[in-house]
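I opened the model to look up its domains and some helix packing. My entries follow.

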2 protein chains.
Amino acid sequence: MASTNLTFTNTAEHRAWLASQATLPRGFRVGTTRFEFTPFEAEKPSAMTLTLLAMDTPTADFGAVFTKNAYPGAPIVIGRRRLSEPRLGAILVNNKISNVCAPGGIETAERVCAAVAAHLGLAPNEVLPSSTGVIGWRLPEAEMSAALPAAIQALDAGSALPAAAGIMTTDLYPKIRRAELPDGASIVAFAKGAGMIEPNMATMLAYILTDAIVPRESLRAMLSRAVNASFNAISIDGDTSTSDSVIALSSGKIALTGPDPASALDAFEVTLTRLCRDLAEDVVRNGEGVHHVIRIQTLGAPDDAAARALGKAVANAPLFKCAIAGNDPNVGRLVQAVGKHIGAGGQNLDASHLRAAMGGIEIFAHGQFQLDRKKEAALTAHLKAAELYASKPGIDGSFAAPPPFPPHERSVEITLEVGSGPGRAEVLGADLTHEYVSENADYRS
Amino acid sequence: MASTNLTFTNTAEHRAWLASQATLPRGFRVGTTRFEFTPFEAEKPSAMTLTLLAMDTPTADFGAVFTKNAYPGAPIVIGRRRLSEPRLGAILVNNKISNVCAPGGIETAERVCAAVAAHLGLAPNEVLPSSTGVIGWRLPEAEMSAALPAAIQALDAGSALPAAAGIMTTDLYPKIRRAELPDGASIVAFAKGAGMIEPNMATMLAYILTDAIVPRESLRAMLSRAVNASFNAISIDGDTSTSDSVIALSSGKIALTGPDPASALDAFEVTLTRLCRDLAEDVVRNGEGVHHVIRIQTLGAPDDAAARALGKAVANAPLFKCAIAGNDPNVGRLVQAVGKHIGAGGQNLDASHLRAAMGGIEIFAHGQFQLDRKKEAALTAHLKAAELYASKPGIDGSFAAPPPFPPHERSVEITLEVGSGPGRAEVLGADLTHEYVSENADYRS
C-alpha cells in the first residue's frame, strides 16, 4: 500500500476513526505517487500527487454528477462523454492543476487516460480523468506519464485512505465515510474540497464505491437525488468550481437482499443519501478557515427548491458570516440576508410570515425582532459553544501549533420558518474568517 | 456651524479637497450633535450623532430611491409614504441604530419627526427620518428628543461637511461631491456606507441637494436613472442593506438655462449622473477593508441588465476577491465566477464568446486561457499598482499608523466581452481582506 503521511490530522482518535472508515469494498484498489514539476505558467516548482483508482473488472454500473459551471474543466467534458460508454475500469486523479480551459487540455487528458489504459489492459475510454487545483494552467503531461508506473506499483486493495489523502489540496484532513450493507457489502465514499465550495477552486471531488450490485440506471437516479440532498445543499463561499464531480462505482460483487428487489434498492438509497450528507458535512467542517459550521433549516416554503435557495442566501451572506466568526449574534444581518433574497424576487416567498431562531432562541416573529439583553447573552453562548477551535492564527494564516482536527460535531443552529408550505431544506454553511482570506489571497504560490 | 473632528482623514490635501466640495447650495442648512446612551438590547454604552438637514422653505421638488430588501427599516416605510406628500422641509439622520423591524419602530420614528417639525415650524409629514447602524435594535427616543435642540442650534448654511461626517458609521472619511451648474447653481451630494453595500449594514445613505429649479417628476425620473447607473452598479460585499436610501432635494432658487427647457434638464441629468457615479465610486473606495477597487466593464451582452448582472457576479465572487487582495492574478477564479453565473442560467448569456482582459492584458479568448509567465508577471504588476495602501493592519484590524486617505484613484481594470449584443455596464467592486473580516466580526461592540 502507498504510504501517506497523515500528520495533517493530529489526534490519535481522528487517525483511528479515519482508518475505521477506509476499508475498501471488494473489487477496488487504490495507489498514489507524488512528484515535483514546474508549471508552464509559473517560475516556481510545485508538487503533484497522482491517485489511481482501479477496478478488478470494468463495470457498467457507474454514474456521475458534474458541475454546472459554464466553463467546465477538461475532465468534466470527458466525464460527460464517458457516461455513455459501456464500462468504466479506472479513475486517475491529479491535484495542483485542474485542467480547466487550458490550451489542448482535453487532448492532454485523453492521452494520459490512454497511458493509464495501456498499463492496466483497459480501453482508453474505460479510464476517467479527474483534476483539481489551479484553474487555467496546463497539466504537466510528460511528468505525469513518467510518474504513472509508481502509482500502478502502489495499487492495493486494503484501504481507501491513501486515495482520500492523495486527492487533497487545501484540505486539512482526508474526508472518508463508510456504511455497511447486508451480507458484508459496503459503501465507502471519500471527498476533497475546502474552497470554491458551493459545489463547486480547489474543487470538490467525491468518489463513492460499493461492492453491492446496483444497476447503472438505478445507481444514476439515486446518485442524482442523494447529491441534491447533500453536496448541493452546502456552501463554504458560494463559488462554484469548474471541476466539481461526484462519481459512483459499483463493482457488483454482492447482491442486495431484502423482501423484494425494490425495497433493497430503497434501503440502499437511504444509506447512500445519509453517507453523502455526512461526507458533505465533513467538507464544510473542513472548509478553508472555517471556525463555525452553520446549519440552516428552512421550512414552510412553497417547495423544497425555494427552501434551499433561501438557506443558501443566508449561508452566503458575508456580513452574517463575519459576525458568526466573531461570536457576535448579529441577527440583524441574518434577517437582512433573508430580506435581500425575498426582495430580489426570491422564489415567491412571503416576507410577512418569517419566524427565525438561532440555537433554539426565537429572534424574529410577527414582523419584528424579539431581542433583549438576556437573549443576546444566550445567543453569544450558543456561538461560542459551536466554535470549532478557539486558537487564532497569525496574520499569515498559519498556526503556532495546529488546532486539533476534528474538534467536535456542533454547529450554529438556525431555523427559518417562512410560511405553511410543504417545502423544507437543510443547508450547511460556514463562517468567514481571517484564515479564509489568508488562504485565498495567496493560494497559487 | 457644528464642529466636526476630521482627523479620520489624515492628509492636508484630502481635507482641502473635501472642503472644496462642501459648499451648500442655496436654501439648505445642516447641523449635527452627538450624545451617549445605552441601547435597550446591550450592556455597554454607545454614542449616536444626529444630523439635521433643513430647508429654508419646504419644497415640492424632491425624490427618493429606497432599498428593495423585503425587511425595510422604519425610515424606509415612512419615506415611501412621504413621496406622496406635497412638500418636504427637513431630514433627520441618526447613525448607530438603523431602526429596522424593531418593536414600535415606525411610531418612534414618526414621534421624532413630529418633534423636529415642532422645533422648525413644519408639519410632521414634512420631515423625513433616516437611520443607519445596527439592525433590530430600538431607537433611544428620549435621548434623541433631548438632543434635538443642540442640532437645531448648530444649523448653518455654509458647509455640508458636518452632515457628511455626522452620518458616518464605519466610513473612514466623509464622501462628498459637488458639481457646478450654469448661473451659480450647484449640486452637492454626500453619502455614507462602507459595508452591507450592494446598495445596500451599516447602510448606504446618500443625499443630493441642488438649488437649481427641477420639477418633482423630472427630478424623480432622472434620479431613478442616475441611481441605476451608479449606486446600483456597485458592490462591496453583495449584502443589501435594509436601509439604503438616496434622497434628492431641490430648493428651486435658480432657473436652469439653456437653448430650451428640455436641453437644460438633459444637461442637469448628465451632471447628476456623473456626480452619482463619482460618489458611488467614493463609497467603494472607502469600503470596509478595501485595498483594491475592481472596475468591471462588461460588453456585448443582450442588454444592459444582463451586462450588469454578470459584472455583479464577478464583483461578488469571494475567492477572486481574496486573490485580488493578495495581488495574485488568479484569473482562473475570474472565469470560474463568469462560468458559475452563466451555468446557473444567467440572463441568456452565451459562454462560448468570452473574451476577458485584466489591466488591458488578454487572459481568455476562444474558449481557452491565454497565459504565460510574462503575462502573469504583468498582471501581478497591475494589481500592485492598483493597491490603495500597502500597510497591513494587525490581526485585530487596527493599524499602528493609519494609511493615508484617500491614496489614489487607480482600480483593477477588468473587461469582459461576452458577445456582440448592445448590452454594456460598468460595475465597481472591491477585494476581500483581513480588515473586512475584522471590522465585521465584531461590529456591534
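Which handedness does the crossing of α6(A) and α7(A) have? I find it right-handed, the term used if the near helix is turned clockwise from the far one by less than a right angle, with anticlockwise counted as left-handed.

This is a predicted model, where local features need pLDDT of at least 70, side-chain atom pairs count only at pLDDT 80 or more, and totals for chains, interfaces and linings use all residues. Residues are numbered from 1 along each chain as its sequence is written, and chains are lettered from A and ligands numbered from 1 in the order in which they are written.

Entry: α6 and α7 of chain A. I looked up helix α6 (residues 216-228) and helix α7 (residues 261-285), whose axes come within 9 Å and cross at roughly 40 degrees. Helices are DSSP runs (H or I, at least four residues), numbered from the N terminus. Axes are lines fitted to C-alpha atoms over the stretch in contact, with angles from 0 to 180 degrees between N-to-C directions. α6(A) and α7(A) are therefore oblique to each other (under 35 degrees is roughly parallel, over 145 roughly antiparallel, 65 to 115 roughly perpendicular, the rest oblique). On α7(A), the contact residues include Leu265(A), Glu269(A) and Leu272(A); contact needs C-beta atoms, placed from the backbone, within 7 Å.

Entry: α12(A) and α9(B). The axes of α12 (residues 434-441) of chain A and α9 (residues 318-325) of chain B come within 7 Å and cross at roughly 70 degrees. That makes α12(A) roughly perpendicular to α9(B). I listed Val437(A), Asn440(A) and Ala441(A) meeting Leu319(B), Cys322(B), Ala323(B) and Ala325(B).

Entry: domains. Chain A is divided into domain 1 (12-285) and domain 2 (293-441), with bounds from an automatic or database domain assignment. Their centres, taken over C-alpha atoms, are separated by 30 Å.

Key:
Helix = DSSP H or I, 4+ residues; strand = E, 2+ residues; numbered from the N terminus. Contact = placed C-beta atoms within 7 Å.
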